[in-house]
Amino acid sequence: LIAVVTISITGYAQSGASNSTGMYLEGSVGYMKLKASADGENFSVDLDGIALDLGLGYRHAINPYLTWNTLKFNVMATLSDLSETITPQLKTGLRGTSPEFSNMSLYGEANFGIGYQIEWEKFGFAYDLGIGLNVTPKIAVGFNFNSQRVSVYGATLKYNFYGAKIAYTF
């Protein structure tokens with residue numbers, strides 16, 4: 001689906017709008033892996049699987065190549081263990097965009113903040129990293145990594161999401 005969208009709309013002119021101020025919506029499908037450790041020992045937790053990462057945010061253009069992701073709210077969870085893995089997050093960060101080539105541009109972003117693990121009722125550090133291609137001023141495709149860490153009863157749980165992303169800027 002991402003390839004079809006990319007091929008069908010690459011002719012749309014960028015005209016610098018891929019780094020504009022405004023709201024954005026993004027969705028990712030991928031794989032979530034839960035890593036757990038206590039006292040330096042790793043142990044297995046069976047909550048891995050196909051997952052979704054859905055987000056909504058507001059971005060402010062600093063210049064034509066840099067935006068501040070002022071506020072980003074997203075939720076990630078595995079489909080098979082939804083109630084045990086649902087993790088809402090609130091973050092801020094930066095997004096850089098390359099100069100245009102063939103009416104497209106590359107982007108890279110990093111966001112940092114706080115997340116809440118609903119099953120354990122604990123807050124923890126959250127971050128995401130992404131790279132991709134702005135195929136039009138409104139649509140981007142790419143890959144992202146999202147991580148949430150919480151401490152529970154002396155153990156550290158780290159939820160890592162790896163996925164393919166599509167985003168739309170309003």
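**Strand partners and a buried lysine**

Visitor: Which residue in strand 9 is the bridge partner of Y24?
Guide: Good place to start, with one caution: this is a predicted model, in which local features need pLDDT of at least 70, side-chain atom pairs count only at pLDDT 80 or more, and totals for chains, interfaces and linings use all residues. Strand 1 (residues 22-38) runs antiparallel to strand 9 (residues 155-169), and 14 bridges join them. In strand 9, Y24 has as its bridge partner T169.

Visitor: How many bridges pair strand 1 with strand 3?
Guide: Residues are numbered from 1 along each chain as its sequence is written, and side-chain values use heavy atoms, with hydrogens and water left out. One link to strand 3 (residues 49-63) is G22 with its bridge partner R59. The antiparallel pairing of strands 1 and 3 has a bridge count of eleven.

Visitor: Which residue takes a positive phi in the hairpin of strand 1 and strand 2?
Guide: Strand 2 (residues 41-43) pairs with strand 1 in the antiparallel sense over three bridges, and A36 stands opposite F43 there. The hairpin has two residues between its strands. The one with a positive phi, near 50°, is D39.

Visitor: Is K72 buried or exposed?
Guide: K72 lies in strand 4 (residues 66-78). Its relative accessible area is 3%. Buried means under 20%, exposed over 50%, and partly exposed in between, using a 1.4 Å probe and protein chains only. K72 is therefore buried.

Visitor: Which side chain does K72 join in a polar contact of 3.1 Å?
Guide: A polar contact is a pair of N or O atoms within 3.5 Å; within protein, one must be able to donate a hydrogen and the other to accept it, and residues adjacent in sequence count only if both atoms are side-chain atoms. K72 also has contacts (heavy atoms within 4.5 Å), and beyond four places in sequence it touches residues including Y24, E26, N111 and D128. The polar contact of 3.1 Å joins K72 to the side chain of D128.

Visitor: What is the bridge partner of N111 in strand 7?
Guide: Strand 6 (residues 105-117) and strand 7 (residues 122-134) run antiparallel, joined by 13 bridges. Their hairpin has four residues between the strands, and E121 in the turn has a positive phi of about 55°. The strand 7 partner of N111 is D128.

Methods: Two strands pair if DSSP finds at least two bridges between them.
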